[in-house]
Amino acid sequence: MARLEVPAGDLDRYRDELGRILDHVARLQAVDTAQVPPTGNPLEVPGVARADNPQPGLGQEQAVAGAPAEHGGMFLVPRVVEN
Amino acid sequence: MTEKLAEWPAHRMHRALVSREVSARELAAAVLRRLDEVERAVGAYVHLREPELVLADADAVDVRLGRGEPLAALGGVPVALKDNMCTRGLPTTCASRILEGFRPAYDATVVERLVGQGALVLGKTNMDEFAMGSSTEHSALGRTRNPWDLGRVPGGSSGGSAAAVAAGEAVVALGSDTGGSIRQPAAFCGVVGLKPTYGRVSRYGLVAFASSLDQIGPLSRDVRDAALTLQAIAGPDPHDATSRPEEPPDFEEALVPDCRGLRLGVPREFYAQGVSAEVRSAVAAAVDLLVEQGADVEECSLPTVAQALDVYYVIAPAEASSNLARFDGVRYGWRAPEPRDYGELFAATRGRGFGAEVQRRIMLGTYALSAGYYDQYYGKAQQVRTLLCREFEQAFERYAALVTPTAPTTAFGIGEKTSDPLTMYMSDVCTVPINLAGLPAISVPCGYTNGLPVGLQVVGRPFGEETVLRVAFALESAADLGRRRPPLLGAQADPV
């Protein structure tokens with residue numbers, strides 16, 4: 001899920017550290033939250049949309065300029081589908 | 001006099017530029033000279049612009065002054081930017097290996113606004129990787145040291161910005177604050193740090209960490225500079241749907257050097273959690289000064305603050321795990337060499353490109369959001385967040401602002417907390433509740449203990465930056481701490 005290749009030698013350390021963090025945050029279970037709605041945005045501000053007018057964006061050349069590999073103005077990745 | 005120019009606040013520079021007492025080139029040269037002298041010891045920056053480019057920008061300001069054109073508050077002022085703000089053509093790495101070599105195609109709105117005022121960008125400052133940390137030790141690009149004691153951390157995650165301002169290597173710097181990342185380093189380095197209300201400043205072009213918490217704000221030598229810098233960067237931005245549509249007020253007008261008619265709350269929970277005796281005593285003395293300045297001070301209680309750190313360490317990693325999914329080795333930055341397939345490209349790039357703290361938070365976040373655990377962790381944390389927000393709302397029915405320590409201790413030693421993530425997280429205990437509630441808060445120096453600065457945090461109502469600035473300004477005026485300077489810089493500075 002996290003899409004992280006973690007060296008096998010680091011797994012025990014991560015397991016131990018994450019276990020302790022999860023134990024700590026488990027204290028939240030003791031808080032009575034019956035009938036309490038969740039807060040996702042602290043100020044309940046509705047998203048403000050700008051007027052839907054076309055504006056110039058990055059061109060193709062600029063959009064791929066930061067890519068580690070590019071070919072003909074496209075992002076280059078390893079083969080996804082086998083022949 | 002020239003050597004001390006580098007330590008002037010921006011508002012003094014502005015006066016001297018307008019009266020033609022000094023030129024923008026002289027100011028820029030003084031700060032560049034200081035940078036040359038101390039940067040090797042402090043390590044505040046990860047990328048510096050060529051000095052010739054900075055001086056050329058300064059010359060352009062001098063030309064405009066010569067033509068009698070008006071000068072904006074930060075025109076000709078040398079500034080530093082945290083390395084998670086996009087700068088066109090200038091490296092932006094978030095102090096991470098995964099963004100090695102990345103040069104954005106556009107400027108963040110805050111950068112555009114500073115440059116639009118004529119501010120001189122010196123470079124990009126060091127930080128904890130992707131702003132995850134409290135000491136700047138989680139940087140893949142090197143170590144930043146605290147100018148007050150080179151054996152100690154500058155705080156984090158905006159540690160480079162705080163250290164640069166403290167050492168005179170920048171006059172003003174921008175930082176970002178997700179759980180205290182402007183205020184805690186400001187406290188550790190003896191400078192002013194302001195986190196504006198959620199929605200006050202555009203985040204367009206800020207590399208996102210936790211989108212319901214992140215805000216950009218200034219680190220500065222004094223409260224007036226914080227007000228002027230906030231003025232420069234605040235206000236609506238059509239590129240950020242969370243930026244509020246209202247135009248900001250005049251923040252400098254709020255700088256009244258007293259607290260008459262203000263009732264301030266001192267919430268006891270902020271003093272309960274590992275706050276050192278030295279910090280308690282410096283903060284108590286500052287509160288006494290505020291009373292002398294006319295404030296009516298009362299102790300109060302916000303019980304859910306005791307759970308805020310737990311709420312934060314569920315919500316922030318959850319949002320981070322989602323935001324950081326965009327770093328896939330395809331569109332920007334570094335890619336692991338020779339991946340066999342697309343899956344390996346993704347996992348190997350992230351596994352080797354991200355440092356340990358970032359990986360920990362991605363794992364924590366994806367776990368907290370996973371189907372079987374969502375309600376138990378993320379859902380629960382969002383509900384407790386509601387309780388916390390309600391308590392702040394209730395407190396602000398009675399109080400104009402709340403005063404607390406910014407951090408439980410003064411700057412700690414390099415390496416002291418890196419072996420245990422939980423111990424490191426505890427240093428955010430006084431600042432994370434404020435981000436969860438989206439409130440504005442400032443850290444202002446309030447004293448020194450064992451030669452290290454202590455910060456006082458002033459917390460305001462949503463969009464109540466004016467009150468926050470006023471209380472901080474009253475304290476700054478009464479405490480008269482402005483002449484202290486880090487030992488690194490030698491003898492006492494000239495009075496400003």
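This report walks through a predicted model of a complex, its two chains A and B and how they touch.

## About the model

Because this is a predicted model, local features need pLDDT of at least 70 and side-chain atom pairs count only at pLDDT 80 or more, while totals for chains, interfaces and linings use all residues. Residues are numbered from 1 along each chain as its sequence is written, and chains are lettered from A, with ligands numbered from 1, in the order in which they are written.

The predictor gives the complex an ipTM of 0.93 and a pTM of 0.96. For chain B, the mean pLDDT (the predictor's confidence in each residue, from 0 to 100) is 95, and 98% of its residues reach 70 or more.

## Chain A

Chain A holds 2 helices and 2 strands, arranged along the sequence as α-α-β-β. Here helices (H or I, at least four residues) and strands (E, at least two) are DSSP runs, numbered from the N terminus.

The C-alpha trace of chain A spans about 55 × 50 × 25 Å along its principal axes. Its radius of gyration is 23 Å, whereas a compact globule of 83 residues would have one near 12 Å. That radius is taken over C-alpha atoms, and the globule rule is 2.2 Å times the number of residues to the power 0.38.

## Where the chains meet

The contact between the chains takes 42 residues from chain A and 59 residues from chain B; two residues are in contact if their C-beta atoms, placed from the backbone, lie within 7 Å. On the side of chain A that touches chain B, helix H1 (residues 11–25) of chain A gives the most, with 7 residues.

By class, that side of chain A has 27 nonpolar, 9 polar and 6 charged residues. Ala, Val, Leu, Ile, Met, Phe, Trp, Tyr, Cys and Pro count as nonpolar, Asp, Glu, Lys and Arg as charged, and the others, Gly among them, as polar.

## The sheet of chain B

In chain B, 11 strands form an open sheet with mixed pairing, in the order S1-S3-S2-S4-S6-S5-S10-S11-S9-S7-S8. Two strands pair if DSSP finds at least two bridges between them. Strand S1 (45–48) and strand S8 (296–300) of chain B are the edge strands, each pairing on one side only.

Look next at strand S10 (residues 441–449) and strand S11 (residues 452–460) of chain B: they run antiparallel and are joined by 8 bridges. In this part of the sheet, B:Ala441 stands opposite B:Val459 of S11(B).
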